[in-house]
Amino acid sequence: MHDLQRSRPKPLQKFHRRLRSVALFEQLGPGLVTGAADDDPSGIATYSQVGARFGFQLLWVMVLVYPLMTAIQLISAHIGRVTGCGLAKNMSNALPKWLVAGLVALLFIANTINIGADLAAMGQAAGLIVGFDGKILTVGLALVSLTLQLFAPYKRYAALLKWVTLSLLAYVAVLFLVKIDWSAVLVGLVWPKVAGVGAWTMIVAVLGTTISPYLFFWQSAQEVEQVSQDPDAKPLKEAPGQARREFQRIRIDTFAGMAISVVVALAIMIGTAATLNAAGQTSIQTATDAAKALEPVAGKFALALFALGIIGTGMLAVPVLAGSAAYAVGESRGWKCGLEEKPWHAVGFYTIIGLATLVGLAISWSPIDPMHALVYSAVINGFVAVPIMATMMTIAYRRSVLGNFTASRPLLVLGWLATIVMAGAALASVLLP
């Protein structure tokens, strides 16, 4: 057998490697898109601020965050795939209706503000590249995103979102254009250090950016969508024979998606630390500010890559933000939900998508500073996340909900740890100056 493998022609070996790569990519879906959407333009702004203000010293935060964000996303996917119902539906069965309605309303507000900030950043980034008015481009990008959500068939739309994640490679590519002290990077990754005014505030901001409620609702709902799209698939409570294969897929998908999210966040921090912080440019407010500041120290190509990344991640994040709000509202109210449904068959669901996108667009055009509004959005997200996460963790070990597929003990431990950390971050967001 080994002789046969050694004698296989090299072109054939390359072909088989490509097939394995394609097969692996095919297993990636909800987790990959969720992880990539985590690096939205407002997240890019946060990571850019961390790198510009504190250099390499806070890189360790992302190493700490990775197992926590992975655990909580695995829990959300687990609940959706086992029960065949989204997170809001499961929460409605576990909490008083008024409490679920309040949490969902706050989620909608936070998501809408986030959409406004992301659209504004996308328009500004597109304006940097093509030289047009950023606000006009913002309208065009918002309408393209909304049209795809309303009319693109789900399978094509899901595949498109998956391919859009490749836009994140722009931030990794920037690292090849700048000079980096890799020994300082290594120290920043493994040696926790908190120094400088506002360092704790930035750590809280990073936690709020990477562990966000809209991501829980999105990944759980997408697992339900996958069940509805496959005639042979059923909720695992009804088809336990599918469990081993599906849990393996979810683990690969989620670990990979969150790893990509963390790697891109680190690439942004490292790139801005090596350029902006090294040049003394520490005052960065938006992702577009970071792109502009890169040009004199790293060149026009670095600016273009950074700006393209903002547009690509925005086109990924805006539908996830709008869609997660629609799933949360629709499921909690018992509406027909799903991107595979035609708009006229799921009027309430698509109305929420349209409303979130258009109100976000209005915010991006209004006198309200979207980046200042994001501060309030982050506070809302922080306080909404804690009860949602606590409810998820309670559901995760209930046999009455999950049958024999309750979450494993290590996953429960990490999930509760993530919940405690987020509770601390929510309090800190109010107490810190």
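The crossing of α8 and α16 is right-handed. The model behind this report is predicted.

**Helix α8 against α16**

Helix α8 covers residues 134-151, and helix α16 covers residues 300-333. Their axes come within 10 Å and cross at roughly 50°. The two helices are therefore oblique to each other. On the α8 side, the contact is made by L141, V144, S145 and Q149. On the α16 side, it is made by I311, M315, V318, P319, A322 and G323. Seven of the contact residues are nonpolar, three are polar and none is charged.

**Helix α8 against α17**

Helix α17 spans residues 347-365. Its axis comes within 10 Å of the axis of α8, and the crossing angle is roughly 175°. An angle over 145 degrees counts as roughly antiparallel, so α8 and α17 fall in that class. From α8, the residues in contact are K135, I136, T138, V139, A142, L146, Q149 and L150. They meet Y350, I353, G354, T357, L358, L361, S364 and W365 in α17. This contact divides into ten nonpolar residues, five polar and one charged.

Q149 of α8 takes part in the contact with α16 and also in the contact with α17. Is Q149 buried or exposed? Q149 is buried, with a relative accessible area of 2%. Leaving aside residues up to four places away in sequence, Q149 touches Y157, P319, A322, G323, L339, Y350, I353 and T357. Among these, P319, A322 and G323 belong to the α16 side of the contact. Y350, I353 and T357 belong to α17.

**Helix α4 against α12**

Helix α4 (residues 41-54) packs on helix α12 (residues 199-210). The angle is about 155°, with the axes 10 Å apart. The pair is therefore roughly antiparallel. α4 passes α12 in a left-handed crossing. G43, T46, Y47, Q49, V50, R53 and F54 are the α4 residues in contact. A199, M202, A205, V206, T209 and T210 are their counterparts in α12. By class, the contact holds seven nonpolar residues, five polar and one charged.

**Selected residues**

The table gives relative accessible areas.

| Residue | Relative accessible area | Class |
|---|---|---|
| K179 | 79% | exposed |
| I129 | 38% | partly exposed |
| C85 | 28% | partly exposed |
| Q149 | 2% | buried |

I129 sits in helix α7 (residues 97-130). In sequence, I129 and L303 are 174 residues apart. In space, their C-alpha atoms are 8.7 Å apart. I129 touches A304, A307, L308 and I311, not counting residues up to four places away in sequence. One of these, I311, also belongs to the α8 and α16 contact.

Where is K179 placed? K179 is in the loop between α10 (169-174) and α11 (182-190). K179 and T275 are 96 residues apart along the chain, yet their C-alpha atoms are separated by 8.1 Å.

**Cysteines**

How many disulfides does a search of the whole structure find? The search finds zero. C85 is in no disulfide, and the nearest cysteine sulfur, that of C337, is 11 Å away. The cut-off for a disulfide is a pair of cysteine sulfur atoms within 2.5 Å.

Key
Residues are numbered from 1 along each chain as its sequence is written. This is a predicted model: local features need pLDDT of at least 70, side-chain atom pairs count only at pLDDT 80 or more; totals for chains, interfaces and linings use all residues. Side-chain values use heavy atoms; hydrogens and water are left out. Helices (H or I, at least four residues) and strands (E, at least two) are DSSP runs, numbered from the N terminus. Buried means under 20% relative accessible area, exposed over 50%, partly exposed in between (1.4 Å probe, protein chains only). Axes are lines fitted to C-alpha atoms, for helices over the stretch in contact, and angles run from 0 to 180 degrees between N-to-C directions. Angles under 35 degrees count as roughly parallel, over 145 as roughly antiparallel, 65 to 115 as roughly perpendicular and the rest as oblique. A crossing is left-handed if the near helix is turned anticlockwise from the far one by less than a right angle, and right-handed if clockwise. Contact means heavy atoms within 4.5 Å. Ala, Val, Leu, Ile, Met, Phe, Trp, Tyr, Cys and Pro count as nonpolar, Asp, Glu, Lys and Arg as charged, and the others, Gly among them, as polar.
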